[in-house]
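Subject: The structure you were waiting for

Hi,

Here is the structure, handed over for you to open up and click through. My notes come after it.

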Amino acid sequence: PRVIGLDVYRDFAATTPGLAEALTQSNIVGICKSLDSEINSVGIGPAPELGEFQVGFSDFIEDTDGALRRQLMTLTPEPASSCISRYGFATLLAIHYLASDNIQPDFTPNGNLRLGETVFQRLHRRTGGLQRMDNQGGQVLLNYRALSSPDQIAPKVSLQQLLDGQVNPDSIRDRIVIIGVTATSRDFWATPYGVQAQNKTPGVFLQAQMVSQIVSAVLDDRPLIWAWPQWAEASGILLAAVLGSWLSWRWKSSQLLLRGLLTSAGLIIGAWATLCMGGWLPIVPALLALAGGTLSTSAQEQT
């Protein structure tokens with residue numbers, strides 16, 4: 001493999017010489033856990049054999065409904081934390097992988113991570129449907145792959161298959177391999193695919209989704225999810241209300257209903273087409289404003 005990610009906490013030294021030597025290889029990336037103020041923890045440190053640029057933090061960010069929709073790419077570590085990595089585990093895996101293509105990370109004057117020609121714009125406190133969120137660190141929206149389940153992001157091989165020699169070396173050559181746990185553990189997360197316990201996804205597959213997003217954005221120009229600034233969203237919603245008032249003023253009764261349905265369908269199709277290009281438009285508020293403007297003007301005319 002070009003890069004091997006070890007998505008398993010290991011904050012103690014290896015006692016087997018072969019393992020200790022293997023962990024020092026430059027293509028190995030491990031994890032640590034940042035300080036968690038909610039449980040008064042200093043975090044979890046990395047394996048001592050790993051160098052500073054071989055360790056990424058494993059932290060995820062949940063939304064209020066418990067689902068993961070954002071990726072924390074970078075952060076400023078707490079001085080008291082056992083984990084002092086500046087880069088997320090998935091981010092660091094992608095950086096190591098892209099280094100073979102002479103793509104090195106740097107930061108824009110605004111503090112946005114840049115890899116090659118791709119700039120990962122940090123989320124503002126109010127972005128799209130996410131309002132008043134904690135936007136500390138370098139966060140981006142997670143553009144999940146269009147799969148029936150997020151754990152289908154990559155081929156899976158069990159540890160027993162590997163130990164039994166059932167893995168073809170060519171199938172993993174020059175690729176990113178992530179080693180993690182899928183058995184029952186605390187590392188299971190809700191996603192837009194499902195928030196119930198039986199539908200939660202092991203963290204190792206979410207790390208793979210995040211790595212895939214970064215690499216594909218840099219090498220394949222796969223779009224990152226973006227949203228209008230607040231003033232643009234407010235203007236769009238206002239225009240929808242004005243459009244609804246105009247429709248009510250211009251047409252009456254059955255014609256108004258037909259024009260309203262066609263306009264709503266046009267807005268929905270436009271929002272869907274924009275979403276396919278990575279854009280998150282305020283379609284629900286716009287539809288409500290359109291209906292509100294139509295009903296308001298119609299009621300005024302009747303009185």
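Below is what turned up, grouped by region.

A word on the ground rules: this is a predicted model, where local features need pLDDT of at least 70, side-chain atom pairs count only at pLDDT 80 or more, and totals for chains, interfaces and linings use all residues. Residues are numbered from 1 along each chain as its sequence is written, and side-chain values use heavy atoms, with hydrogens and water left out.

First, confidence. pLDDT is the predictor's confidence in each residue, from 0 to 100. The protein chain has a mean of 87, with 94% of its residues at 70 or more. Among its elements, helix 2 has the highest mean pLDDT (97) and helix 7 (residues 283-302) the lowest (76). Helices (H or I, at least four residues) and strands (E, at least two) are DSSP runs, numbered from the N terminus.

Now the cysteines. One disulfide was counted, taking that as a pair of cysteine sulfur atoms within 2.5 Å. The partners are Cys32 and Cys83, with 1.9 Å from S to S. Cys32 sits in strand 2 (residues 28-32) and Cys83 in the loop between strand 4 (70-74) and helix 2 (89-99), so the bond ties together parts 51 residues apart in sequence. Both Cys32 and Cys83 are buried, whereas Cys276 is exposed at 53% relative accessibility. Here buried means under 20% relative accessible area, exposed over 50%, and partly exposed in between (1.4 Å probe, protein chains only).

Helix 2 is mostly covered too, with ten of its eleven residues buried. Among them are Phe89, Leu92, His96 and Tyr97.

In helix 6 (residues 253-276) you'll find Thr274, which is buried at 14% relative accessible area. A polar atom of the Thr274 side chain lies 2.8 Å from the backbone oxygen of Gly270.

Two loop residues are worth a click. Most residues other than glycine have a negative phi. Asn102, though not a glycine, has a positive phi of about 60°; Asn102 is in the loop between helix 2 and strand 5 (105-107) and is exposed, at 70% relative accessible area. Asp221 also has a positive phi of about 60° without being a glycine. Asp221 lies in the loop between helix 4 (203-219) and strand 12 (226-227), and at 64% relative accessibility Asp221 is exposed.

Cheers

Methods: A polar contact is a pair of N or O atoms within 3.5 Å; within protein, one must be able to donate a hydrogen and the other to accept it, and residues adjacent in sequence count only if both atoms are side-chain atoms.
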